[in-house]
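Please keep the structure open while reading.

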Amino acid sequence: MNLPLTLSQFLIKQLARHPERDGLVAIISDLSTIGKIISNHTNRAGVVDMIGSAQKMNIQGEEVKKLDVFCNELCKDYLRQTGNFAAMASEEEDEVVDMGEFGKEAKYIIAFDPLDGSHNVEVNLPVGTIFSVQRLLNQFERTDERQFLQPGRDQVLAGYILYSASTVLVFSWGDGVYEFTLDQGLGEFLLTREKMSVPAECAIYSFNEGAYRYLGDKDKKFIDYLKEKKSCSLRYVAAMVADVHRTLIKGGIFLHPAVDKKGTGEYKGKLRLNYEAKPMAYLVEQAGGFCTESKGNLLDLPGESLHQRVPVILGNKDIIEYYLQNNLI
Ligand code: AHG
Ligand code: MN
Ligand code: MN
């Protein structure tokens with residue numbers, strides 16, 4: 001019988017082969033525990049009074065849901081006590097979070113979106129958790145925002161947990177992309193995919209079509225090209241984790257391009273660089289795809305601020321290279 005490896009078995013083997021990954025092995029193990037707890041809560045959201053608004057806005061002017069608060073507190077409290085992180089940044093925290101005494105010996109920092117797509121909770125659709133781990137820079141204070149402005153290329157671990165029909169943990173630490181699926185009965189994550197690779201065929205585009213009229217000309221032409229020349233089908237969950245997961249497995253393009261909703265001529269992205277775009281760009285590149293903020297490789301983009309927003313276009317490498325050549329017809 002060919003039984004899949006449990007995450008624990010996989011991590012023990014990794015540790016034997018790469019003893020230098022000891023810190024990252026511990027971090028993945030801790031994130032998998034967080035994934036089990038959030039999976040449990042999202043599954044029972046309707047019966048544990050976890051649906052709806054927390055009656056407050058975050059620093060980005062977005063309504064915070066009860067489950068956003070729960071997931072953020074869980075990530076903060078659980079990860080703080082592991083002692084693996086010198087600092088953390090979260091979508092739901094205005095500033096860098098100080099780890100105090102716990103972070104004294106830590107070598108890493110982590111940025112996370114504790115609950116991605118939280119508007120999906122009340123209609124029982126997929127949500128996720130996204131994480132990005134980088135090395136602590138010794139030239140700055142631990143809570144200095146510049147810790148988090150390192151280019152995505154320098155991530156040492158990135159991934160997400162998708163809470164959907166199944167709960168899956170997907171991550172990379174630089175040697176391909178792994179997927180583990182939670183067996184709820186066993187309470188264990190099992191290895192279900194390794195060396196994930198974005199398929200060559202580009203049959204799907206994933207984009208909020210309602211925003212088409214707010215796009216710049218180049219992005220409009222690109223969407224037209226995907227529909228008319230590539231005959232792509234549209235799939236859009238509106239939770240980045242779910243849309244990127246499908247892109248990794250089924251191929252295609254996911255786009256959240258810059259929009260100008262006010263008609264002022266100023267085009268802006270929505271997704272956050274440090275805990276949405278950077279980790280997804282890392283995974284997609286590890287799977288042979290490409291991610292751009294519209295001009296270059298998003299992984300080379302230097303950060304400007306903690307909650308910086310950027311346009312994101314990711315997926316099929318050939319088609320994105322075609323887009324970047326800037327001669328769309
Ligand atoms: P969050 O719930 O963490 O704020 O993220 C929501 C994001 C992202 O997951 C998704 O891709 C995007 O918002 C959808 O935005 P639109 O509804 O504007 O398409
Ligand atoms: Mn998000
Ligand atoms: Mn979120």
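## Manganese ion (ligand 2)

The donor residues of the manganese ion (ligand 2) follow the spacing D-x2-D-x159-E in sequence. They are Asp113 (OD), Asp116 (OD) and Glu276 (OE), at 1.9 to 2.1 Å. Donors are N, O and S atoms within 2.8 Å of the metal (3.2 Å for Na, K and Ca); water is not among the atoms, so sites may look incomplete. Asp113 lies in strand 5 (residues 108-116) and Glu276 in helix 6 (residues 273-286), so the pair ties together parts that are 163 residues apart in sequence. Helices (H or I, at least four residues) and strands (E, at least two) are DSSP runs, numbered from the N terminus.

Buried means under 20% relative accessible area, exposed over 50%, partly exposed in between (1.4 Å probe, protein chains only).

This is a predicted model: local features need pLDDT of at least 70, side-chain atom pairs count only at pLDDT 80 or more, and totals for chains, interfaces and linings use all residues. Residues are numbered from 1 along each chain as its sequence is written, chains are lettered from A and ligands numbered from 1 in the order in which they are written, and side-chain values use heavy atoms, with hydrogens and water left out.

## Manganese ion (ligand 3)

Which residue bridges the manganese ion (ligand 2) and the manganese ion (ligand 3)? Asp113 does, and the ions lie 3.8 Å apart. The manganese ion (ligand 3) has Glu91 (OE), Asp113 (OD) and Leu115 (O) as donors, at 2.2 to 2.4 Å. Their sequence spacing is E-x21-D-x1-L.

Glu91 lies in the loop between strand 3 (85-90) and strand 4 (97-98), and Asp113 in strand 5, so the pair ties together parts that are 22 residues apart in sequence. Glu91 counts as buried, at 6% relative accessibility.

One lies 3.0 Å from a side-chain N or O atom of Asp113. A backbone N or O atom of Gly117 is 2.8 Å from an oxygen of ligand 1. For a polar side-chain atom of Arg272, the distance to a ligand 1 oxygen is 3.1 Å.

Taken alone, ligand 1 exposes 470 Å², and the protein buries 88% of that (Shrake-Rupley method, 1.4 Å probe).

## Helix 5

Nine of the eleven residues of helix 5 (residues 240-250) are buried, so the helix is largely enclosed by the rest of the structure. Among them are Met240, Asp243, His245 and Arg246. Gly251 follows helix 5, with a positive phi near 85 degrees.

## Asn274 in helix 6

Asn274 lies in helix 6. Asn274 counts as buried, at 1% relative accessibility. What lies 2.9 Å from a polar atom of the Asn274 side chain? The backbone oxygen of Leu306 does.

How values were computed: A polar contact is a pair of N or O atoms within 3.5 Å; within protein, one must be able to donate a hydrogen and the other to accept it, and residues adjacent in sequence count only if both atoms are side-chain atoms.
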